[in-house]
Amino acid sequence: MDDANIIYTIATWLIPLMLAIVFHEVAHGWVARFYGDPTAASLGRLTLNPIKHVDPIGTIALPTLLAVTGAPIFGWAKPVPVVQSRLRNPRWHMMAVAFAGPGINLILGFFAVAAMALMINIMGEGADFGTVSGFVFDNLRNFMIINIFLALFNLLPVPPFDGSHIVEGLLPPPLADKYASLRKYSLPILLLLLLVVPMVFPEARIIERVVLPPVVFVINFYLGIFGLNV
C-alpha cells in the first residue's frame, strides 16, 4: 500500500470513527442531563467538538494502526462522566443513559445509508464518483459500518460496555449489586475479551461469532430499506 492509499484509508476510517464515538458519548451526557444529572454539562462535555472527547490511544493511535494493517477498526473516546445517584430514578434512568449511546449510533447508521442512497440516486449507481465524491461516499459507508458495530458491540452485557448497565437495571436489586461489583474489573475484563482470549483460544472468535452476525444483519436491513447493495 503506497503512502497515498494509506492516508486515504486512514482518513476514510478515522473521520467517521471520531464522529461516531463523539456522538455516542455526548448522547450519554444529553440523556443524563435530561434525567437530572448535569455532571457532563458542567464539565463542558456536551459538545460535538472532538477535542473535548479524544482519547489519544483509543481515538487516534489504535484506529490508525488498525486501518493501516487492514484489521477491523475499533476505538473509544474519553467516557462522558455520569453520576448515577444524581439521576431522578437512578435504576431506570441509568438504563436510558446507557442505551443512548448505542441508540444514537443506530440512528446515525441509518442516516448514513440514506445519504448513500441519495448520492447514488443523484449520480447514478454506475457513476464514477471521482475523487471528492468517492471520498465522501467511502466515509458514509464506513460511517454506517462503524456506527452499527459500535452500537451492537457496546450492547454486550458485560462491564464496561453499555449493555452491562442495562442488565444491571433489569436484575433484582441484590443481584444487581453483585453484578455492579464486577465494574471495578472492567479493564481486565476488556483486555481478557479482546486480547487474551483471541490469543489463547483463536478458535473462539468472539467478535466474529457474537458481534458480527447481528452487525451484518442490521447493515443488510438498512441497505435493504433503500434497495442498496454496496
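Here is a tour of a few residues and the pairs they form. Keep in mind that this is a predicted model.

**Stop one: T39.** Select T39, which sits in helix α2, residues 39-42. Is T39 buried or exposed? T39 has a relative accessible area of 9%, and because anything under 20% counts as buried, T39 is buried. Now show its surroundings: leaving out residues up to four places away in sequence, T39 touches P81, V83 and R86.

**Stop two: R86 and D37.** You have already picked up both of these residues, so what links their side chains? They meet in a salt bridge, with N to O at 3.9 Å. The pair ties together distant parts of the chain, 49 residues apart: R86 is in the loop between α3 (56-69) and α4 (90-123), while D37 is in the loop between α1 (3-34) and α2. D37 is buried, at 1% relative accessibility, whereas R86 is partly exposed, with a relative accessible area of 43%.

As background, side chains of opposite charge can pair when their charged atoms come close. How many salt bridges does the count give for this model? The count comes to three, so let's visit the other two.

**Stop three: D138 and R141.** Move to helix α5, residues 130-154, and select D138 and R141. These two are about one helical turn apart, because they are three residues apart in that helix. They form a salt bridge, and their closest N and O atoms are 3.0 Å apart. D138 is buried, at a relative accessible area of 16%, and R141 is partly exposed, at 27%.

**Stop four: R183 and E168.** Next, select R183 and E168, a salt bridge whose closest N and O atoms are 2.9 Å apart. This pair also links distant parts of the chain, 15 residues apart: R183 is in the loop between α7 (173-180) and α8 (186-200), and E168 is in helix α6. R183 is partly exposed, at 23% relative accessibility, but E168 is buried, with a relative accessible area of 13%.

**Last stop: helix α6.** Color them to see the pattern: D162, G163, S164, H165, I166, E168 and G169.

Note on methods: Residues are numbered from 1 along each chain as its sequence is written. This is a predicted model: local features need pLDDT of at least 70, side-chain atom pairs count only at pLDDT 80 or more; totals for chains, interfaces and linings use all residues. Side-chain values use heavy atoms; hydrogens and water are left out. Helices (H or I, at least four residues) and strands (E, at least two) are DSSP runs, numbered from the N terminus. Buried means under 20% relative accessible area, exposed over 50%, partly exposed in between (1.4 Å probe, protein chains only). Contact means heavy atoms within 4.5 Å. A salt bridge is a side-chain nitrogen of Lys or Arg within 4 Å of a carboxyl oxygen of Asp or Glu.
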